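Thanks for asking me to look this one over. My notes follow the model itself, point by point.

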Amino acid sequence: MRSLQTPTTPRLRTVSAVKTSAEPDRAQASHGWDPRSLAGDPHADVEKAARVHAMFEAIARRYDLNNRLHSFGRDVAWRRLAVRAADIDAASTVLDVACGTGDLAAELNAAGAREVVGVDFSQAMLDLAIAKSARRRGGGTLEYRRADAMSLPFDDGSFDAVTIAFGLRNIADPPRALREFRRVLKPGGRLVVLEFSEPRFAPIRWANRLYTEHIMPVTATIVAADRSGAYRYLPRSVRTFPDPLALSGWISAAGFGEISRQSLTFGVCTIHRAVAG
Ligand SMILES: C[S@@+](CC[C@H](N)C(=O)[O-])C[C@H]1O[C@@H](n2cnc3c(N)ncnc32)[C@H](O)[C@@H]1O
């Protein structure tokens with residue numbers, strides 16, 4: 001049994017959880033990314049968790065607007081495809097990890113899941129998710145909790161599906177998080193990872209890099225009035241993250257099988273779907 005109560009009637013439940021033990025140190029969390037920290041591999045930065053946390057606290061307010069503008073609205077369709085890959089039905093209990101402002105959790109709720117729990121370590125992002133959940137479209141429960149993806153506060157075998165959109169790349173130790181996802185899934189449960197990737201066709205990859213590395217960082221930084229370096233970290237973190245094939249290897253090593261990949265919009269995003277072994 002998992003630690004959350006199973007609801008008997010559909011209802012909305014929103015929880016702003018207390019500080020988790022894994023929340024990055026406040027002293028470190030005051031800074032985001034500077035050019036020096038982005039010169040190398042941001043995934044190898046010992047302060048990655050604190051920098052990522054500071055960054056999302058800083059950009060939360062304009063996060064949704066920037067997503068819509070800079071993906072030309074495609075992010076909504078990408079999340080809907082992720083929901084489809086999760087095979088939701090009226091009995092499904094779903095954990096959406098790194099839920100941010102709750103857009104994927106809201107789509108899972110709208111798809112008819114019995115229970116959706118969104119977790120994130122940024123309270124600023126969660127506060128927006130909680131505010132938006134008043135407008136949810138589905139009848140099942142939708143709950144938000146503050147928690148660290150690498151140390152989830154749920155019992156083994158708690159969920160039918162675990163989803164994560166644009167979150168895995170931001171976690172300090174993604175393989176550890178993937179093992180946690182496997183632990184909290186029931187055997188046969190589905191894992192769906194939606195993440196940015198680099199187009200394989202060279203001319204499109206060149207155009208995508210021009211946009212994500214030179215245009216978007218300027219415009220998104222202005223929109224967010226950001227000083228955390230979030231939109232310079234974004235393309236750097238995509239370029240230095242394992243490609244879809246290597247990510248499949250991580251997912252396999254974490255105990256998943258039946259791994260499939262779906263490339264979206266010329267390869268700028270990839271959905272990985274896998275089944276807990
Ligand atoms: C790019 S946002 C994605 C938000 C949302 N899933 C979406 O589709 O828009 C990445 C999120 O990952 C969260 N995050 C990063 N590391 C985390 C961790 N270790 N535990 C929980 N959340 C984490 C951040 O706080 C942020 O809200």
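**Notes on the core, the sheet and the ligand shell**

1. Please keep in mind that this is a predicted model. Its largest nonpolar core holds 79 residues, and the members that touch the most others are Ala82, Leu108, Val162 and Leu191. Helix α2 (residues 48-70) gives this core its largest share, ten residues.

2. Beyond its neighbours within four places in sequence, Leu191 is in contact with Val162, Phe181, Leu185, Ile251, Phe256, Ala274 and Ala276.

3. Now to the sheet. It is open and has seven strands, which run in the order β3-β2-β1-β4-β5-β7-β6 with mixed pairing. Because β3 (141-146) and β6 (256-264) stand at the edges with a single partner strand each, one side of each has no neighbour in the sheet. On average, and ignoring direction, neighbouring strands of this sheet are turned by 15 degrees against each other.

4. Glutamate 195 has threonine 270 in β7 as its bridge partner. Helix α9 (residues 244-253) packs on the sheet, where it touches β5, β6 and β7. The direction of α9 makes about 155 degrees with that of β6.

5. Finally, which residues are closest to the ligand? Of the 19 that surround it, they are Ala98, Gly100, Ser122, Ala149 and Ala165. The shell divides into twelve nonpolar, four polar and three charged residues. Helices α2 and α4 (103-110) each supply at least two residues of this shell.

Technical notes
Residues are numbered from 1 along each chain as its sequence is written. This is a predicted model: local features need pLDDT of at least 70, side-chain atom pairs count only at pLDDT 80 or more; totals for chains, interfaces and linings use all residues. A nonpolar core is a set of buried Ala, Val, Leu, Ile, Met, Phe, Trp, Tyr and Cys residues joined through C-beta atoms within 7 Å. A residue is buried if 20 or more other C-beta atoms lie within 10 Å of its own, exposed if 12 or fewer, and partly exposed in between; C-beta atoms are placed from the backbone. Helices (H or I, at least four residues) and strands (E, at least two) are DSSP runs, numbered from the N terminus. Two residues are in contact if their C-beta atoms, placed from the backbone, lie within 7 Å. A residue is near a molecule or strand if its C-beta atom, placed from the backbone, lies within 6 Å of it. Ala, Val, Leu, Ile, Met, Phe, Trp, Tyr, Cys and Pro count as nonpolar, Asp, Glu, Lys and Arg as charged, and the others, Gly among them, as polar. Two strands pair if DSSP finds at least two bridges between them. Axes are lines fitted to C-alpha atoms, for helices over the stretch in contact, and angles run from 0 to 180 degrees between N-to-C directions.
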